[in-house]
Amino acid sequence: MSRTPLRASRGHLLAYRRTVQELDERLPWSAASLRRAAWAGLQDSMPRAALLSIHARVAQTLPTALDDASLMQVWGPRFNVYVIAAQDVAPFTLGRHPDDARGRRRAEELADAVTRVLAGRELAYGEVSATLGIGNAIRYATTTGRLAIRWHGARAPMVRAIEPPQVEPDQARRDLARRYLHVYGPTDAETFAQWAGISAREAQAAFAGLDRELLAVHTPLGERFLLDEDEPTLRAAADLAASTLAAASARLLPSGDAYYLAQGSDRELLVPEAEHRARLWTSRVWPGAVLVSGEIVGTWRRADRIAAIETWRPLDGAEREAVEHEAVSLPLPGSGGAITVRWAD
């Protein structure tokens with residue numbers, strides 16, 4: 001780890017995160033772009049949230065984007081539904097495999113039981129759980145890398161067995177930590193543990209294994225760490241932070257989007273006002289976030305063809321037009337026509 005810490009302001013950090021998450025300029029449509037958009041996974045616990053997260057990052061996203069052969073779904077961090085690149089199964093499954101023998105034995109035994117029930121078939125989550133009498137515990141088998149799911153929100157997920165990656169769990173966890181550092185950095189082991197749903201000890205071990213790849217950064221949140229290879233991007237973010245023109249005019253981020261999937265002081269970094277944080281990170285289902293010129297300025301929710309938008313400051317005409325353009329471009333299947341924006345003025 002480098003011993004000469006960088007210094008980064010709030011503006012630098014936000015510009016860096018927007019850059020690495022492709023939120024300032026959409027990528028061209030391709031399998032490679034989808035993988036970059038899903039580098040730290042795309043949470044899909046709310047129906048089609050991952051689809052809208054892709055739309056915010058990749059141009060020409062169609063309602064069928066989640067059917068792309070380069071993508072798949074697993075129970076990822078904290079056992080939420082995640083869309084990931086099909087070639088990235090290891091970090092999102094084995095990367096969360098328990099270190100202790102008892103935890104590993106439980107996961108492997110559950111995976112054995114589930115695959116026996118599946119017998120090469122794809123079956124509904126409820127059917128498998130009921131047959132085994134294990135309820136939600138079926139999700140714990142995902143850390144073996146032997147299960148994948150398919151879920152579009154209308155019904156329970158479908159479960160199928162897959163070939164596990166030929167990677168050791170500690171190696172997979174370091175890969176998961178690298179992805180987290182790249183997308184959420186500068187960060188630390190504690191927040192990585194919270195995000196991944198692993199123990200503090202496991203997270204610390206992963207960071208220790210990356211020691212030679214890490215750079216210390218002084219931030220408004222205290223000392224955090226970044227991958228050495230991302231230093232040029234963080235330095236370039238200083239120029240981006242100085243110009244709102246570098247940020248996209250508007251993005252509508254869905255509930256659970258990676259950009260604001262944050263806890264504790266990271267929430268304060270993104271949204272300094274406590275009142276606004278309470279409106280975004282609610283005790284129930286989070287609304288979406290309205291991102292305008294690089295700042296979260298409000299929330300949005302959709303019901304059928306209506307997108308209800310509440311902002312925390314007045315938007316000028318160009319900003320409102322940009323938000324409305326994003327709303328009508330949402331690639332939502334079965335919306336019955338164009339989206340209509342309803343402003344909560």
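Colleague: Is the crossing of helix 8 and helix 9 left-handed or right-handed?

Modeller: This is a predicted model, in which local features need pLDDT of at least 70, side-chain atom pairs count only at pLDDT 80 or more, and totals for chains, interfaces and linings use all residues. Residues are numbered from 1 along each chain as its sequence is written, and side-chain values use heavy atoms, with hydrogens and water left out. Helices (H or I, at least four residues) and strands (E, at least two) are DSSP runs numbered from the N terminus. A crossing counts as left-handed if the near helix is turned anticlockwise from the far one by less than a right angle, and as right-handed if clockwise; that of helix 8 and helix 9 is right-handed.

Colleague: At what angle do helix 8 and helix 9 pack?

Modeller: Axes are lines fitted to C-alpha atoms, for helices over the stretch in contact, and angles run from 0 to 180 degrees between N-to-C directions. The axes of helix 8 (residues 189–196) and helix 9 (residues 200–209) are 8 Å apart, and the packing angle is about 125°.

Colleague: How many nonpolar residues are in the contact of helix 8 with helix 9?

Modeller: Contact, meaning heavy atoms within 4.5 Å, involves Ala189, Phe192 and Ala193 of helix 8 and, from helix 9, Ala200, Ala203, Gln204, Ala206 and Phe207. Ala, Val, Leu, Ile, Met, Phe, Trp, Tyr, Cys and Pro count as nonpolar, Asp, Glu, Lys and Arg as charged, and the others, Gly among them, as polar. By that division one residue of the contact is polar, none is charged, and the number of nonpolar residues is seven.

Colleague: How many charged residues are in the contact of helix 7 with helix 9?

Modeller: The axes of helix 7 (residues 169–184) and helix 9 come within 9 Å and cross at roughly 80°, and the two helices are therefore roughly perpendicular. Helix 7 contributes Arg173, Arg174, Ala177 and Leu181 to the contact, whereas helix 9 contributes Glu202, Ala206, Phe207 and Gly209. These residues divide into four nonpolar and one polar, and the number of charged residues is three.

Colleague: Which residues does a cis peptide bond join?

Modeller: Most residues other than glycine have a negative phi, and most peptide bonds are trans. In the loop between helix 7 and helix 8 lies Pro186. With omega at about -10°, the cis bond is that between Gly185 and Pro186.

Colleague: Which strands stand at the edges of the open sheet, each with a single partner strand?

Modeller: The open sheet has five strands in the order 10-11-12-13-14 with mixed pairing, two strands being paired if DSSP finds at least two bridges between them. One side of each edge strand is left without a neighbour in the sheet, because each has a single partner, and these strands are strand 10 (250–253) and strand 14 (340–343).

Colleague: What is the bridge partner of Ala250 in strand 11?

Modeller: Strand 10 and strand 11 (residues 288–292) run antiparallel and are joined by four bridges. Within strand 11, the residue that partners Ala250 is Val292.

Colleague: What is the relative accessible area of Thr299?

Modeller: Thr299 lies in strand 12 (residues 295–303). Leaving aside neighbours within four places in sequence, Thr299 is in contact with several residues, among them Arg279, Leu280, Val290, Ile309 and Trp312. Thr299 is buried, its relative accessible area being 7%.

Colleague: What is the phi of Ser293?

Modeller: Ser293 is found in the loop between strand 11 and strand 12, and is partly exposed, with a relative accessible area of 26%. Although Ser293 is not a glycine, its phi is positive, at about 50°.

Definitions and conventions. Parallel < 35°, antiparallel > 145°, perpendicular 65-115°, else oblique. Buried < 20%, exposed > 50% of the residue type's maximum accessible area, 1.4 Å probe, protein only.
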